[in-house]
Amino acid sequence: MTYLRAIRRPRLRWIVTAALLASLTGLVLSQIGAADAAGSTTGAATARAGTAQGGAKPTVVLVHGTWADSGSWGQVVARLQRQGYTVIAFPNPLRSLPDDSAYLAAFLSSIPGPIVLVGHSYGGAVITNAATGNTNVKALVYVDAFLPDEGETLGELIGTPPGSCVLGPPAEIFDLRPIPGAPPGVVDAYIKQGLFPSCFANDLPAKQAAVLAATQRPGSTLTLGQPSGPPAWAEIPSWALVGTVDRVILPATQLFMAERAGARIVKVKASHLSMISQPGAVTRLIVAADRATR
């Protein structure tokens, strides 16, 4: 008798569990159906309202560069959200230019509707490659960024003209760390924390710059010598914010690339981290790009 009860009790629990799961599944499915119906109605209403105002707001995708992360866009994200934009701060892997670009391209293909694509620093090279052929990307916005042409490498661009604070004896500028499984000679490079404030954050308070130095994400040295592909800026309208006290990508380098791309250029007195020191200017340029391409 005890043995039979021992069998029946787990069986009873299994039956109750199965019934509960079936009930929850039905509830979830019914809610999804209701949400889809409501979403369809709401989406139609939103689309009509957006059309009446000159087109629905795009999704803004922000792509950080090397030695930064998605959190560097925090102030820009908050400003854009207050204006009703859907914003995604994309987690750039910083592994290689072809791989990072392919990852972003796949991500962009999953977003319905228009997109304003924004790249900072190395992120500019990534958006240049990832957006090519994507008809949903209506505008490219470059923030203290690379705008490479086909066949160019970032190593070539950052040295033209010379003077960047990341050029020089590597042992004096970088802390180099191994990448397991990487090709021979390929390592992760961190900017030395003592150099970071004067090189990257020369218009930010010292304490804030020190935190940014400690939280930086490294970039693979592989990215410096990889040639860029067909540029998206050749077919998509572009805007460029140039930091006039940028010591990483010199203003002259930024202006050369932006002018060649036919970008609409805005200059601000900012370091390489203008999205942190001048978030209002960055936000205004993104909004201007959106409004000009609706």
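A: Keep in mind from the start that this is a predicted model. For a pair of helices one looks at the distance and the angle between the axes, and here the axes of helix H2 (residues 74-82) and helix H11 (residues 279-292) come within 9 Å and cross at roughly 50 degrees. The crossing in which H2 passes H11 is right-handed.

Q: Which residues of H2 and H11 make the contact?

A: On the side of H2 they are Gln75, Val76, Arg79 and Leu80, while H11 brings Pro279, Gly280, Val282, Thr283, Ile286 and Val287. Sorted by class, this contact of H2 with H11 holds 6 nonpolar, 3 polar and 1 charged residues.

Q: At what angle do H3 and H4 pack?

A: Helix H3 (residues 97-108) packs against H4 at an angle of about 60 degrees, and their axes are 8 Å apart. H3 and H4 are therefore oblique to each other, and H3 passes H4 in a right-handed crossing. From H3, the residues Leu97, Asp100, Ser101, Leu104, Ala105 and Leu108 meet Tyr122, Ala125, Val126, Ile127, Asn129 and Ala130 of H4, and this contact divides into 9 nonpolar, 2 polar and 1 charged residues.

Q: What is there to look for in the backbone itself?

A: Most residues other than glycine have a negative phi, and most peptide bonds are trans. Against that background, Ser121 has a positive phi of about 55 degrees although it is not a glycine, and Ser121 sits in the loop between strand E3 (115-120) and helix H4 (122-130). The peptide bond from Thr160 to Pro161 is cis, with omega near -5 degrees, and Pro161 belongs to the loop between H5 and H6.

Q: Which element gives the most to the lining of the largest pocket?

A: That is H5, with 3 residues. Among the elements that each supply at least two residues of this lining are helix H5 (154-158), helix H6 (170-173) and strand E5 (174-178).

Technical notes:
Residues are numbered from 1 along each chain as its sequence is written. This is a predicted model: local features need pLDDT of at least 70, side-chain atom pairs count only at pLDDT 80 or more; totals for chains, interfaces and linings use all residues. Side-chain values use heavy atoms; hydrogens and water are left out. Axes are lines fitted to C-alpha atoms, for helices over the stretch in contact, and angles run from 0 to 180 degrees between N-to-C directions. Helices (H or I, at least four residues) and strands (E, at least two) are DSSP runs, numbered from the N terminus. A crossing is left-handed if the near helix is turned anticlockwise from the far one by less than a right angle, and right-handed if clockwise. Contact means heavy atoms within 4.5 Å. Ala, Val, Leu, Ile, Met, Phe, Trp, Tyr, Cys and Pro count as nonpolar, Asp, Glu, Lys and Arg as charged, and the others, Gly among them, as polar. Angles under 35 degrees count as roughly parallel, over 145 as roughly antiparallel, 65 to 115 as roughly perpendicular and the rest as oblique.
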